[in-house]
Amino acid sequence: MEPIVEHSGGVIGASWLMIAFPLASAAILLLGGRRTNAWGHLLGVFAPVASFVVAVMCFLQPSGRYDVGLYDFIPGVAKVGLLIDPLSITFALLITGVGSLIHIYSIGYMAHDPERRRFFAYLNLFVAAMLLLVLADNYLVLFLGWEGVGLASYLLIGFWQFKPTAATAAKKAFVVNRVGDFGFLVGLFTIFATFGTFAFGPVFDNAAKASNGTLTAIGIMLLIGACGKSAQLPLQSWLLDAMEGPTPVSALIHAATMVTAGVYLVVRSGAAFFPEGATASLIVTIVGVATLLAGAIIGTAKDDIKKALAGSTMSQIGYMMLAAGLGPAGYAFAIAHLLTHGFFKADLFLGAGSVMHAMKDEVNMRRYGALRALMPVTFITFFIGYLAIIGFPLLSGYFTKDGIIETAMDSNAILGWLAVIGAGITGFYMSRVVFMTFFGSKRWADDVHPHESPSVMTWPLIILSIGSIFLGGYLILSNRLMVYLGPAVGLPEALPQFHPFSPTGLATLALVALGAAIAWVRYGSAEVPQVAPRGSFLTTFARRDLYGDALNEALLMRPGQWLTRLAVWFDNKGVDGVVNGLAAGIGGSSGRLRRIQTGFVRSYALSIFVGAAVLVGAWYVVGNL
Amino acid sequence: MTDTITAPTIEYLLLSPLLVVFGAAIVGVLVEAFAPRYLRAAFQVPLTLLSLVAAFALVIFVVVKDGVPNKAAAMGAVAADGPALFIWGTILLLAFVSVLLIGDDFVPSAVAVPGSVEEERAVSEGAAHTEVYPLVLFAVGGMLLFAASNDLLVMFVALEVMSLPLYMLCGLARRRRLLSQEAAMKYFLLGAFSSAFFLYGTALLYGYAGSIDLSKISTSLSSVGGQDSLLFIGAAVLGVGLFFKIGAVPFQMWKPDVYQGAPTPITALMASGTLVAAFGALLRVFWVALGNLEWDWSPVVWAVAILTMVVGAILAITQTDIKRMLAYSSIAHAGFILTAVVATAGAKQNSLALSGILFYLVAYGLTTVGAFGVVTMVRDPGGEAWHLSRWAGLGKRSPKLAMVLAFFLLAMAGIPLTSGFFAKYAVFSAAVSGGAVALVVVGVVASAIAAFFYVRVIVLMFFSDPAADGPSIVMPIATRGVVGFAALATVVLGVFPQPVLDLASKAAQSLFVR
Amino acid sequence: MTTHYLVLSALLFAIGGVGVLVRRNAIVVFMCVELMLNACNLAFVTFARQHGNLDGQVIAFFVMIVAAAEVVVGLAIIVTIFRTRRSASVDDANLLKY
């Protein structure tokens with residue numbers, strides 16, 4: 001890893017513009033109110049595009065790790081600054097690039113929404129916060145961005161707040177994220193207590209001097225934060241409900257960018273708190289594998305197209321987490337998969353949005369079918385995204401997922417095989433989505449007239465699908481991304497070689513093909529019932545999100561309620577006595593003391609006179625001590 | 001030997017901000033005397049605003065031209081040093097925004113008995129009370145001089161020049177005349193009473209040191225040793241006058257009554273400008289003249305600071321009138337600033353504490369002007385709606401206004417990302433580094449109590465249902481500008497405090513001129 | 001022998017102060033404040049003699065001017081409040097409290 005150097009001026013010095021554009025746009029749109037309705041969406045699109053241009057210009061500068069100090073926030077304690085290094089640039093490019101496409105798509109998708117301006121304001125706010133998160137040069141500012149994306153996510157999930165489900169989902173996302181944030185905060189405090197600073201540079205440099213226990217504790221706390229934000233077990237339950245938000249939100253925030261913040265956090269802190277073989281890293285890999293399987297299983301049973309994709313998102317982020325726990329050998333694959341996933345999952349979500357747009361916002365796949373002829377562009381782009389995610393040879397997902405599986409296999413065979421099984425399930429559930437939506441017979445109602453979406457929506461799909469085809473190969477072949485990221489996250493001792501036909505790779509492909517075949521038999525060639533059959537115990541298990549909510553309810557909510565009741569009881573009996581007594585005491589003394597203010601000017605004069613006498617006396621006493 | 005009188009040297013450039021303000025005030029009086037009634041407002045408003053802007057520009061010009069000066073100008077009568085210039089700039093800024101708040105709050109004819117024929121005639125003639133403007137200018141000039149006076153006589157004269165117009169201004173409210181006049185009388189009697197104490201303290205210190213020059217008092221303290229009843233009584237009695245002006249307990253009684261009764265723009269000016277000026281003078285007396293006596297006065301100021309913070313915060317809790325509540329909050333804030341006044345353990349700490357105080361004064365001044373600006377906007381048929389019950393549900397009727405006020409209140413409570421947080425942080429950290437840890441503990445507890453009543457107003461505005469016949473919102477463009485500016489300043493100083501902190505620490509670097 | 005003058009000054013000051021506390025008529029209260037100012041003047045002049053410099057005497061003139069200005073303002077305020085309330089008693093002005 002390269003040391004971080006101070007930098008000012010030049011293009012890098014102007015990198016704060018990346019955050020400033022969308023932030024200013026959000027402020028204008030929110031403060032401007034209805035006046036900006038007419039052109040609000042155009043400004044909203046301009047901002048991320050402008051940020052993208054800045055990001056590209058930063059990318060084209062000589063590679064290095066630059067710390068751009070902006071100003072002292074609390075002198076001597078916290079500075080506000082940006083860290084421009086290969087890792088943060090990579091993220092910035094993803095956020096602004098994919099973000100811009102999704103903004104453009106939203107012009108069409110939200111065209112009929114009376115609140116479109118507000119929607120763009122929130123999206124801009126999200127982009128600004130997300131950029132702050134990845135560009136921060138210290139944990140405190142990172143946390144600011146972290147909370148900022150949480151806020152934007154909350155606002156956008158609940159964007160259609162007139163739907164009770166959306167309002168509830170927003171609240172759920174917020175509450176579950178608070179649990180994660182609490183962990184993050186404790187980690188933050190521990191970091192400050194241990195190192196006396198929040199800045200990445202000094203923290204990473206001095207990490208070796210801290211005790212092992214402290215480092216593990218910080219690592220676990222940060223991981224809890226990451227689990228909340230990235231919907232990893234056990235804090236995964238909010239993501240499926242978050243699909244209540246408008247589809248572009250699901251694509252941008254709950255697939256491509258925000259949910260990868262946890263991966264970013266782990267990779268960014270990797271050198272200090274998640275070194276290869278450490279306890280914290282092991283936990284990261286376990287969380288990753290568990291989530292990738294859980295997400296995949298949930299994905300198999302969902303009839304709601306967005307929820308099926310959400311399960312898939314969980315699962316794919318599980319892959320990234322797994323890789324992030326494997327040290328420098330895994331980082332590049334984690335980030336590479338994150339980037340390609342950003343493309344193909346955004347592609348899939350926007351495709352799903354396009355389908356919903358055509359189907360009067362119907363989300364149940366059992367009411368789709370045979371759409372491939374009516375929506376050719378959507379079908380082709382969706383199909384490319386599908387091939388990419390299942391790891392069809394030579395498409396993006398093939399390279400990046402295979403890299404993760406190979407690395408995991410090298411590190412621990414159990415992890416590796418579980419990841420392979422996950423890939424097989426991916427083949428099944430993604431094929432199921434495609435077959436149910438685009439193949440088979442038409443199952444929609446008579447008053448629905450599917451049509452292709454306008455070009456403002458299809459062009460982003462086309463661009464994203466092109467990325468889904470080529471990006472993976474570009475990043476992985478000749479280890480381009482790994483070498484590029486090396487200065488920021490470190491390099492493994494030996495650079496991995498890409499084997500097109502390794503045994504693991506072949507096994508993976510075989511399982512994926514098997515999964516796809518099963519899906520074809522059940523959902524492609526066979527008639528799909530319009531009402532979901534009851535299914536086996538396992539199906540129900542998957543449909544109910546592996547009983548995640550029930551588990552939360554049984555394990556956390558009910559005991560929580562009991563605990564609350566107990567606490568309330570204790571509070572009423574014990575604490576309230578003290579607190580209320582204190583409050584009543586203060587209030588009472590206030591009520592009594594204010595009577596001294598009689599309103600008579602002479603009594604005020606008396607107070608001055610006596611005060612003067614006391615002052616003289618006190619001074620006299622002190623002076624003669 | 002022939003005694004010739006040598007003409008004193010006057011540094012006109014250094015004193016130009018003062019001269020501009022006083023000059024404009026005198027011109028304003030002439031306008032009142034000679035200009036026809038219908039033209040006066042057209043003269044007075046631009047004249048007042050322009051003179052304040054010009055004075056502000058001159059402050060900047062002085063610093064830009066020769067750097068931060070550090071000398072006693074006008075034969076040692078007026079100190080022109082970093083803190084003085086910073087305070088001048090602050091007062092001029094606060095006065096400017098306070099003047100913008102002046103709308104139709106003033107009575108058309110002060111001599112007329114409320115409800116009488118004369119008053120009706122004055123109203124129907126469309127008479128406007130334009131002498132408000134020169135009075136404000138005189139008061140501002142007095143504030144400038146008060147914070148920069150380098151001897152006790154100038155300080156006394158400045159105190160009176162500042163206070164006399166304010167006494168008048170307090171009594172000129174158009175609505176609720178009885179309250180306004182009562183406030184004026186109480187302020188006047190108590191102010192005169194306390195300035196008599198100030199003067200007696202001056203006399204005793206003169207008797208002790210043979211001079212009223214702050215630096216000469218300081219030198220005679222170090223040579224004589226400082227064990228003298230003249231000195232103790234003099235210093236304590238002098239302190240009464242200063243503590244009265246900042247509203248420290250037990251000399252705070254006037255503040256709630258006067259703040260409530262005075263026309264709200266004047267309350268804003270007093271709560272911001274007067275407080276700033278009074279702290280400038282207080283620091284000068286305690287740090288320059290009595291600097292060598294620190295071991296004696298610091299326990300006394302400790303006690304006063306604790307009392308002020310606690311009493312201010314506790315009494316604010318049960319207030320039902322928003323202006324009165326803000327007055328008590330102002331008392332508590334004076335206590336918070338006092339914590340940094342005692343933090344004097346060496347030149348470095350002094351400069352740290354001084355810069356913290358300067359920052360606090362700017363931040364608090366702007367926030368408080370903004371808050372009073374909001375108060376002027378919420379109107380009942382009979383005038384501003386002061387009673388808190390009238391503010392219930394304001395968040396639903398006028399969400400933007402309520403949010404801005406909520407923001408000001410949070411800033412006063414010292415929530416991070418507002419200017420109030422850094423202000424409190426600055427004074428408390430200075431107090432800690434000066435060894436006053438216990439004081440800071442009390443300060444934090446008082447802040448917690450204070451947060452209660454700030455948040456209570458926010459809860460009232462947002463979580464209760466608006467009354468059917470709730471107050472109407474009047475938003476003159478100037479007031480809106482003031483409130484917007486104050487809100488912006490509160491945000492900027494909360495997120496990006498560095499430039500102003502730097503400015504304050506630069507101003508505080510060389511401390512006061514001796 | 002300046003001590004006597006100082007004691008007299010202190011006495012005058014105290015009388016003035018107590019007068020402010022006990023008298024009800026605003027005019028009288030105000031006159032008591034003036035008495036306190038004059039006590040200060042006496043102290044100034046005495047100290048000027050004691051120290052042998054003229055500062056104290058000059059200050060006394062300044063104080064007189066300031067006191068005169070204060071009278072103008074003070075009487076104006078008291079007269080307006082008298083016209084409104086028909087009373088010059090400071091105890092009647094008691095609306096602002098608590």
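This is a predicted model: local features need pLDDT of at least 70, side-chain atom pairs count only at pLDDT 80 or more; totals for chains, interfaces and linings use all residues.

Colleague: How many residues of chain C are in contact with chain B?
Modeller: 35 residues of chain C contact 35 residues of chain B (contact: C-beta atoms, placed from the backbone, within 7 Å).

Colleague: Which helix of chain C gives the largest share?
Modeller: Helix 3 of chain C, with 16 residues. Helices here are DSSP runs of H or I, at least four residues, and strands are E runs of at least two, numbered from the N terminus.

Colleague: Switching to chain A. At what angle do helix 16 and helix 18 of chain A pack?
Modeller: About 170 degrees, with axes 9 Å apart (axes are fitted to C-alpha atoms over the stretch in contact; angles run from 0 to 180 degrees between N-to-C directions). That makes helix 16 of chain A roughly antiparallel to helix 18 of chain A (over 145 degrees).

Colleague: Which residues meet there?
Modeller: Among them, Phe379(A) and Phe383(A) from helix 16 of chain A, and Met430(A) and Val434(A) from helix 18 of chain A.

Colleague: And the sheet: what strand order?
Modeller: 1-2-3 in chain A, open, with mixed pairing (strands pair if DSSP finds at least two bridges between them). Strands 1 and 2 of chain A pair in the parallel sense over three bridges. Val5(A) stands opposite Tyr66(A).

Notes: Residues are numbered from 1 along each chain as its sequence is written. Chains are lettered from A and ligands numbered from 1 in the order in which they are written. Two residues are in contact if their C-beta atoms, placed from the backbone, lie within 7 Å. Angles under 35 degrees count as roughly parallel, over 145 as roughly antiparallel, 65 to 115 as roughly perpendicular and the rest as oblique.
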